[in-house]
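This briefing goes through one protein structure, topic by topic. Please look at the sequence and the model first.

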Amino acid sequence: MTDWFKVGKIVNTHGVRGEVRVISSTDFAEERYTAGTELMIKDENGNQEVVVVRHHRPHKNFDLLQFEGFHSINDVERFKGSTLYVSEEYLEELDENEFYYHEIIGCTVITESEEELGKVKEIFATGANDVWVIQRLGGGKDILLPYIEDVVKDIDVDKKVIRVHVLEGLLE
């Protein structure tokens, strides 16, 4: 059985030629949306359909995708609000100390003194480095954790545990 990993959410259509506007949650958008890549679209009711990327282009803070066989706004209107997934077969082996978002999201974050902070719930890609959003244990304001060497000390994706060094002011 093939595993599928979330890569984005279709938030709207774009134009009249069958493009959809996607907010990506993937680490390699250019690779994920290469022409010929199969993606699964899953709507809010659990209905799913596999489509093939025909064309991709970045536009503002979105990725615009067009799928093979979908040529008008009427063909893709039903995809609004759906989630996009990529098959594990399209994932490539990463270099040491590189991770896919799905490997990091859901990990428990602990300090060097073994204090549990919470779990990674989301990742933002910024120009300089990624920022991990940590949902605090017991609630409260989320922690924004920069993925930099001074902060992230160890990542064990098998155990789903990340050890961090807490910089001054990070938990405020």
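This is a predicted model: local features need pLDDT of at least 70, side-chain atom pairs count only at pLDDT 80 or more; totals for chains, interfaces and linings use all residues.

Residues are numbered from 1 along each chain as its sequence is written, and side-chain values use heavy atoms, with hydrogens and water left out.

**Overall build**

- The protein has 3 helices and 12 strands; helices (H or I, at least four residues) and strands (E, at least two) are DSSP runs, numbered from the N terminus.
- The C-alpha trace spans about 55 × 30 × 30 Å along its principal axes.
- Of the 172 residues, 36% count as buried. Buried means under 20% relative accessible area, exposed means over 50%, and partly exposed lies in between, with a 1.4 Å probe and protein chains only.
- Among contacts with a separation of 6 or more, 50% come from residues 24 or more positions apart. A contact means heavy atoms within 4.5 Å.
- The protein exposes about 10200 Å², and carbon and sulfur atoms supply 45% of that area. Accessible areas come from the Shrake-Rupley method with a 1.4 Å probe; for residues, only the protein chains shown count as cover.

**Charges and salt bridges**

- There are 19 positive and 35 negative side chains, and the centres of the two sets lie 8 Å apart. Lys and Arg count as positive and Asp and Glu as negative, while His and the chain ends are not counted. The place of a charge is taken as NZ of Lys, CZ of Arg, CG of Asp or CD of Glu.
- The count comes to 5 salt bridges, where a salt bridge is a side-chain nitrogen of Lys or Arg within 4 Å of a carboxyl oxygen of Asp or Glu.
- One of these pairs is Glu49 with Arg78, whose closest N and O atoms are 2.8 Å apart. Glu49 lies in strand S4 (residues 48-59) and Arg78 in the loop between helix H2 (73-76) and strand S6 (83-87), so this pair ties together parts that are 29 residues apart in sequence. Glu49 is partly exposed, at 25% relative accessibility.
- Arg163 forms a salt bridge with Glu114, with the closest N and O atoms 2.5 Å apart. Arg163 belongs to strand S12 (residues 161-164) and Glu114 to the loop between strand S7 (108-111) and strand S8 (116-125), so parts that are 49 residues apart in sequence are tied together. Arg163 is partly exposed at 26% relative accessible area, whereas Glu114 is exposed at 52%.
- Glu77 forms a salt bridge with Lys80, and their closest N and O atoms are 2.8 Å apart. Glu77 is partly exposed, with a relative accessible area of 34%, and Lys80 is partly exposed too, with 37%.

**A negative patch on the surface**

- Asp3, Glu38, Glu88 and Glu89 gather in a surface patch of negative charge. Patches are made of residues with over 30% relative accessible area and no salt bridge; like charges are joined within 9 Å, and nonpolar side chains (Val, Leu, Ile, Met, Phe, Trp, Tyr) within 5 Å.
- Glu89 is exposed, with a relative accessible area of 58%.

**Backbone angles**

- Most residues other than glycine have a negative phi.
- Lys60 has a phi near 55°, a positive value in a residue other than glycine. Lys60 is found in the loop between S4 and strand S5 (62-67) and counts as exposed at 74% relative accessibility.
- Glu114 also has a positive phi, near 70°.

**Two loop residues**

- Is Ser82 buried or exposed? Ser82 is buried, with a relative accessible area of 1%. Ser82 is in the loop between H2 and S6. Leaving aside neighbours within four places in sequence, Ser82 is in contact with Lys9, Ile10, Ile41, Lys42 and Asp43.
- Asp27 is in the loop between strand S2 (19-24) and helix H1 (29-32) and is partly exposed at 21% relative accessibility. Not counting residues up to four places away in sequence, Asp27 touches Phe99, Tyr100 and Tyr101. Asp27 and Arg54 are 27 residues apart in sequence and 20 Å apart in space, C-alpha to C-alpha.
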